[in-house]
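We will walk from stop to stop, selecting a few residues each time.

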Amino acid sequence: MEKRYYQREIETMPYEQMRALQSERLCKQVRHVWDNVPFYRAKMEEKGLTPDDIKSVDDLHKLPFICKDDLRDQYPYGLLAKPLSDCVRIQSTSGTTGRRVVAFYTQNDVNLWEDCCARAITAVGGTNEDVCQVAYGYGLFTGGPGLNGGSHKVGCLTLPMSSGNTERQIQFMMDLGATILCCTPSYAAYIGEALKEMGYKPEDNKLKAGIFGAEPWTNEMRRDIEKSLGIKAYDIYGLTETTGPGVSFECEEQTGMHVNEDHFIPEIIDPDTGEVLPEGEKGELVFTSITKEAFPLLRYRTRDICVLSRKKCSCGRTLIKMAKPMGRSDDMLIIRGVNVFPSQIETVLLKEGYSPNYQIVVDRVNNTDTFDVNVEMTPEMFSDTVKGTQAAEAKLVNAMLNMLGIRPSVHLVAPKSITRSEGKAVRVVDKRKLHD
Ligand code: ADP
Ligand code: ZN
């Protein structure tokens, strides 16, 4: 693939220069929130800080963290740093883990966010020759509006499909020759499955690339989607609190996502102590948005577990890379004292040749955690004997035991019996929470 960048100078900027740019923007941002957001001023004063204490990125660690509960407490206007008359848009989180958070945007904020998404589309080979099908939800969810704006900036013909209505998605994909598909990875897998059922082969569509994010997905799932759609599948990451998709994006190397560091400074911290960890160590991802005007966040704790790396990338971008997030710290299940991430189960299933349709059910019976994994049989297995099914279940139990160090009960269920997702998939039903 020919090397293309949307904003070459920024995307390939030498580290020292980027660091200077970040420092300049950080100082300005700290002053902005100090002057305009009483909540931040109070938090800084609590630590004995004034804006004069923040002179460069080296001082970032001195600033207090902000977490999702702060955002919920300050709902709706407590963190607004611009007059409402300067704001042109709100977006809201999906509410995956609790009460929704509302974020505000000035026109400039929207503009910079769309630049970030345009970088992502360009990085997968997108140009004004492309037809970009946006099948993320539109509306309060950031996925649709973000990629839509980025697609316009790149000059692609944009199909603003939103999620759902899979038959219509496929009809437009085929009739209009979509070349880039943007949606959640679980919806991409579903579209792949639907295409096959309708009798299409992977080479029948014109798609070349997909930009999939908004939820954790494994590399095994990537390969599966690439096969079923006949494309290259790229990751994109973001969160409403900082903008939406495009905080980071994958390039042709497909080995992690470049963070748009000119807008967001990433840190990895120890989630228990709050201590900043050195590059390469796994911990909680924290972002400081240094260009957002209406809803700036300093040291926002994402709860996403991740690793950062400055290893040189063959694409020529110098932007730091983040690994695929394993999931959020609050997605992590503690079952009988063992840490379990849904992504580990997904890895096992896809390696063993199953589809990524599964659900984890955890409960507590007589003070002991129960741990069940429902997995769809492959269509070939459906006609299998009871004995064959039992043997297949036992094989999965062993593979999961090896991966997790804890034994689940695996139940093979009929194909299609687990609800497909058009947005973010719900992988876990934790009934223990309902009893508490
Ligand atoms: P909610 O927190 O309600 O789901 P958002 O829609 O803003 O709200 O989702 C942001 C979250 O989605 C991130 O914090 C992260 O946990 C998850 N996420 C987004 N993109 C990815 C990705 N590429 N890989 C893994 N997780 C992702
Ligand atoms: Zn790269």
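Is Gln 254 buried or exposed? With a relative accessibility of 11%, Gln 254 counts as buried, where buried means under 20% relative accessible area, exposed over 50% and partly exposed in between, using a 1.4 Å probe and protein chains only.

Before moving on, a note on what you are looking at. This is a predicted model, in which local features need pLDDT of at least 70 and side-chain atom pairs count only at pLDDT 80 or more, while totals for chains, interfaces and linings use all residues. Residues are numbered from 1 along each chain as its sequence is written, chains are lettered from A and ligands numbered from 1 in the order in which they are written, and side-chain values use heavy atoms, with hydrogens and water left out.

**Stop 1**

Helices (H or I, at least four residues) and strands (E, at least two) are DSSP runs, numbered from the N terminus. Look at the backbone here: phi of Gln 254 is near 55°, a positive value in a residue other than glycine.

Now select Arg 303, in strand E12 (residues 300–306). Arg 303 is not a glycine either, and its phi is positive at about 70°. With a relative accessible area of 22%, Arg 303 is partly exposed.

**Stop 2: the zinc site**

Select ligand 2, a zinc ion, together with Cys 251, His 258, Cys 313 and Cys 315. These residues are its protein donors, through SG of each cysteine and NE2 of the histidine, at 2.1 to 2.2 Å. Donors are N, O and S atoms within 2.8 Å of the metal (3.2 Å for Na, K and Ca); water is not among the atoms, so sites may look incomplete.

What is the geometry of the site of the zinc ion? It is tetrahedral, with angles of 102 to 114° among the 4 donor atoms. Four donors count as tetrahedral if all angles lie between 85 and 135 degrees. The ideal angle for four tetrahedral donors is 109.5 degrees.

Along the chain, the donors follow the spacing C-x6-H-x54-C-x1-C. Trace two of them: His 258 is in strand E9 (residues 257–259), and Cys 313 is in the loop between strand E13 (308–309) and strand E14 (321–322), so this pair, 55 residues apart, links distant parts of the chain. His 258 is buried, at 0% relative accessibility, and Cys 313 is buried too, at 7%.

**Stop 3: two helix pairs**

Select helix H7 (residues 166–175) and helix H8 (residues 185–197), whose axes come within 10 Å and cross at roughly 75°. Axes are lines fitted to C-alpha atoms, for helices over the stretch in contact, and angles run from 0 to 180 degrees between N-to-C directions. H7 and H8 are therefore roughly perpendicular to each other, a label for angles of 65 to 115 degrees.

Show the side chains of Thr 166, Gln 169, Ile 170, Met 173 and Met 174 in H7, which meet Tyr 187, Tyr 190, Ile 191, Ala 194 and Leu 195 in H8. Contact means heavy atoms within 4.5 Å. The residues of this contact divide into 8 nonpolar, 2 polar and no charged. Here Ala, Val, Leu, Ile, Met, Phe, Trp, Tyr, Cys and Pro count as nonpolar, Asp, Glu, Lys and Arg as charged, and the others, Gly among them, as polar.

Next, select helix H9 (residues 219–229) and helix H10 (residues 342–351), which pack at about 45° with their axes 8 Å apart. H9 and H10 are therefore oblique to each other, the label left for angles that are not under 35 degrees (roughly parallel), over 145 (roughly antiparallel) or 65 to 115 (roughly perpendicular). Glu 220, Met 221 and Asp 224 of H9 make the contact with Glu 346, Thr 347, Leu 350 and Lys 351 of H10. This contact divides into 2 nonpolar, 1 polar and 4 charged residues.

**Stop 4: around helix H6**

Find Asn 148 in helix H6 (residues 143–154). Asn 148 is buried, at 16% relative accessibility. Not counting residues up to four places away in sequence, Asn 148 touches Val 134, Tyr 138, Thr 158 and Pro 160.

Move to Tyr 138, in the loop between strand E3 (131–134) and H6. Tyr 138 is partly exposed, at 29% relative accessibility.

**Last stop: a cis bond**

Finish at the peptide bond from Tyr 75 to Pro 76, which is cis, with omega near -5°. Pro 76 lies in the loop between helix H4 (68–73) and strand E1 (87–92).

Definitions and conventions:
Four donors count as tetrahedral if all angles lie between 85 and 135 degrees; four count as square planar and six as octahedral if opposite donors are over 155 degrees apart and all others between 65 and 115; anything else is irregular.
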